[in-house]
Amino acid sequence: MHWYDKLYVGESIQKGADRLRWKIEHRAGTIDIYLLTFPSNRENLLDIIPAVELMQKSYPRKELFVIGMERGRDNAMQMAADILDEVYHETGSFDVRSYILSQEET
């Protein structure tokens, strides 16, 4: 699992973001936390994954590139919309992967 250097973090979890990240990496329980990741297929723009799913040993964690973390599904969906809006305004396209990877290099 790779975490974006400039991770988008919801306001309600900013103070505890490092602790939540540690819990997710160590398969500890996290309630109502959602991760925004690069999509698992090329037809989607982003995936929104409940962090609790990552507790499963069989979950393909290695391929995940986490770009955001938020409390609550609705907040996660709003964060995804905000990220897409930012990407579109900065690049004129919805190529989230290219935008995020270019930001990571700077």
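Which residue in strand 4 is the bridge partner of T37? In this predicted model, where local features need pLDDT of at least 70, side-chain atom pairs count only at pLDDT 80 or more, while totals for chains, interfaces and linings use all residues. Residues are numbered from 1 along each chain as its sequence is written, and side-chain values use heavy atoms, with hydrogens and water left out.

The partner of T37 in strand 4 is V66. Helices (H or I, at least four residues) and strands (E, at least two) are DSSP runs, numbered from the N terminus. Strand 2 and strand 4 run antiparallel and are joined by five bridges; two strands pair if DSSP finds at least two bridges between them. Strand 1 (residues 2–9) pairs with strand 4 in the parallel sense, over four bridges, and here V9 has M69 as its bridge partner. Six of the seven residues of strand 4 (residues 65–71) are buried, that is, under 20% relative accessible area, with exposed over 50% and partly exposed in between (1.4 Å probe, protein chains only).

A loop residue comes next. L46 lies between strand 2 (33–37) and strand 3 (47–50) and is buried at 13% relative accessibility. Beyond its neighbours within four places in sequence, L46 is in contact (heavy atoms within 4.5 Å) with several residues, including T37, I67 and V96.

The whole structure holds one salt bridge, defined as a side-chain nitrogen of Lys or Arg within 4 Å of a carboxyl oxygen of Asp or Glu. The side chains of R21 and E25 form it, at 3.3 Å from N to O. These two residues are four apart in helix 1 (residues 17–25), so about one helical turn separates them.
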